[in-house]
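Here is a briefing on one protein chain. Look at the sequence and the fold before reading on.

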Amino acid sequence: MSLLKEWYDAITEAQSVEKLEEIRISVFGKKGVLAAEFAKMKTAPNEQKSQIAKELNTHKSSLMNELTVRKITLQTLELEKAMKAEAIDVSLFSSKSEAGALHPVMETMDRIVEYFSSMNFAVKTGNMVEDDFNNFEALNLPKYHPARDMQDTFYFKDEMLLRTHTSPVQIRTMMNTKPPIRMIAPGAVFRRDYDLTHTPMFHQIEGLLVDKEGKVSFANLKYILEDFLKYMFGEVEVRFRPSFFPFTEPSAEVDISCVFCKGKGCRVCSKTGWLEVLGCGIVDPNVFEAVNYKDVSGYAFGLGVERFAMLIHQIGDLRSLFEGDIKFLEQFQ
Ligand code: DAH
């Protein structure tokens, strides 16, 4: 029985859960010391048997008890050790995580769309590869009309071309919808231009409202554009200047008081105090005739999204919006 004593010590001295498992097998296994002790009972004198069995069973349960207690202690110690080794030092610098953001042109486009959607304008898209009829002819820009010179573009065969403006979406929409119409058309347009303020591809947003004859006036147009420009630029002055577009009559160009100098006159506004931001007018009867609309009236407008983005973010060179320079773009996140 004294043999069992050393196993109590072995359990207390065991330094790992694995070692403890070895001990458990040596004590409680089929060929373990307890099994051997019980086996010895067979040869013991009969009157001692019950006493031996009693003692052995007491040792059996207290050894099991010791094993369980030691196992819990060792497991706790091992867990603490592992937690210490894997601990995260929250005061250390982490590797930088980069968050993506919208390009300033797209962000500006979204804001403009947001305004007109809230005014119940539907959002339409046309085709970037357009035909001569939709891009020019139906917009009162017949072949050889001098106004076509301002919109030179890239041509394919069969009178197909890259659209020079979003105005053809007016035509496409009117051709397959009955009036009334309230729409905007955001999208990319193309021209053969490249300098400080022009790129071969840029974005426009077109607007068109058509209703019964006599229902749409220049006053309606003026109201919505003033409200829109204040939404985009805050408290600015808005001015309408008579102008010419083949698809509107009368036509106007719209200026806002310079956002850089508050109208005092600076380099950006060429000392005029005003910045031109869009074109608009009352839809020319020839346009309605081209799409077979009768007894209607309407207004239209068109604007360049990059120009808006440049004024909102005070960007000097339009081309920088197309270079994909991360350092430049990060400023607008
Ligand atoms: N399409 C014109 C351009 O690209 C912009 C424009 C001006 C659109 C007046 C309009 C408008 O609808 O009424 O220069």
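The points below go from domains to sheet, core, pocket and local details.

This is a predicted model, in which local features need pLDDT of at least 70 and side-chain atom pairs count only at pLDDT 80 or more, while totals for chains, interfaces and linings use all residues. Residues are numbered from 1 along each chain as its sequence is written, and side-chain values use heavy atoms, with hydrogens and water left out.

**Domains**

- The chain is assigned domain 1 (2-86) and domain 2 (104-332). Such bounds come from an automatic or database domain assignment.
- The C-alpha centres of domain 1 and domain 2 are 89 Å apart.
- Arg 24 sits in helix 2 (residues 17-28). Helices (H or I, at least four residues) and strands (E, at least two) are DSSP runs, numbered from the N terminus.
- Arg 24 has 34% relative accessibility, so it counts as partly exposed. Buried means under 20% relative accessible area, exposed means over 50%, and partly exposed lies in between (1.4 Å probe, protein chains only).
- Setting aside neighbours within four places in sequence, Arg 24 contacts Gly 29 and Leu 67. Contact means heavy atoms within 4.5 Å.
- From Arg 24 to Asn 140 is 116 residues in sequence and 98 Å in space, C-alpha to C-alpha.

- Seven strands form an open sheet with mixed pairing, in the order 1-4-5-9-8-7-6. Two strands pair if DSSP finds at least two bridges between them.
- Which strands stand at the edges? Strand 1 (122-123) and strand 6 do; each has a single partner strand, so one side of each lacks a neighbour in the sheet.
- Strand 4 (residues 181-190) and strand 5 run antiparallel and are joined by 10 bridges. Pro 186 has Ile 205 in strand 5 as its bridge partner.
- Strand 5 (residues 201-212) pairs with strand 9 in the antiparallel sense over nine bridges. Here Asp 211 is opposite Ser 297 in strand 9.
- Strand 8 (residues 274-283) also pairs with strand 9 in the antiparallel sense, over five bridges. Gly 279 is opposite Gly 302 in strand 9.
- Is strand 9 largely enclosed or open? In strand 9 (residues 296-304), seven of the nine residues are buried, so the rest of the structure largely encloses it.
- Strand 6 and strand 7 run antiparallel, with seven bridges. They form a hairpin with two residues between them. Val 238 has Ile 256 in strand 7 as its bridge partner.

**Nonpolar cores**

- In soluble globular proteins, nonpolar side chains tend to be buried together.
- A nonpolar core is a set of buried Ala, Val, Leu, Ile, Met, Phe, Trp, Tyr and Cys residues joined through side-chain atoms within 4.5 Å.
- The largest core has 47 residues, and Phe 228, Leu 229, Leu 278 and Phe 308 touch the most other members. Helix 8 (residues 218-233) gives the largest share of this core, seven residues.
- A separate core has 22 residues, including Val 169, Ile 171, Met 183 and Phe 247.
- Beyond residues up to four places away in sequence, Leu 229 touches residues including Val 254, Val 277 and Phe 308.

**The largest pocket**

- The largest pocket holds about 1300 Å³ of space. On a 1 Å grid over the protein atoms alone, a pocket is an open set of points where a 1.4 Å probe fits, with protein on both sides within 12 Å along at least five of seven lines; lining residues have an atom within 4 Å of a point. Points are joined across faces, edges and corners, and the volume is the space filled by probe spheres set on them.
- Of its 49 lining residues, His 198, Phe 202, Glu 276, Gly 304 and Arg 307 are closest to the centre.
- Strand 8 gives the most to this lining, with eight residues.

**Local backbone details**

- Most residues other than glycine have a negative phi, and most peptide bonds are trans.
- Pro 179 and Pro 180 are joined by a cis peptide bond, with omega about 5°. Pro 180 is in the loop between helix 7 (168-176) and strand 4.
- Glu 249 and Pro 250 are also joined by a cis peptide bond, with omega about -5°. Pro 250 is in strand 7.
- Ser 270 is not a glycine, yet its phi is positive, about 50°. Ser 270 is exposed, at 55% relative accessible area.
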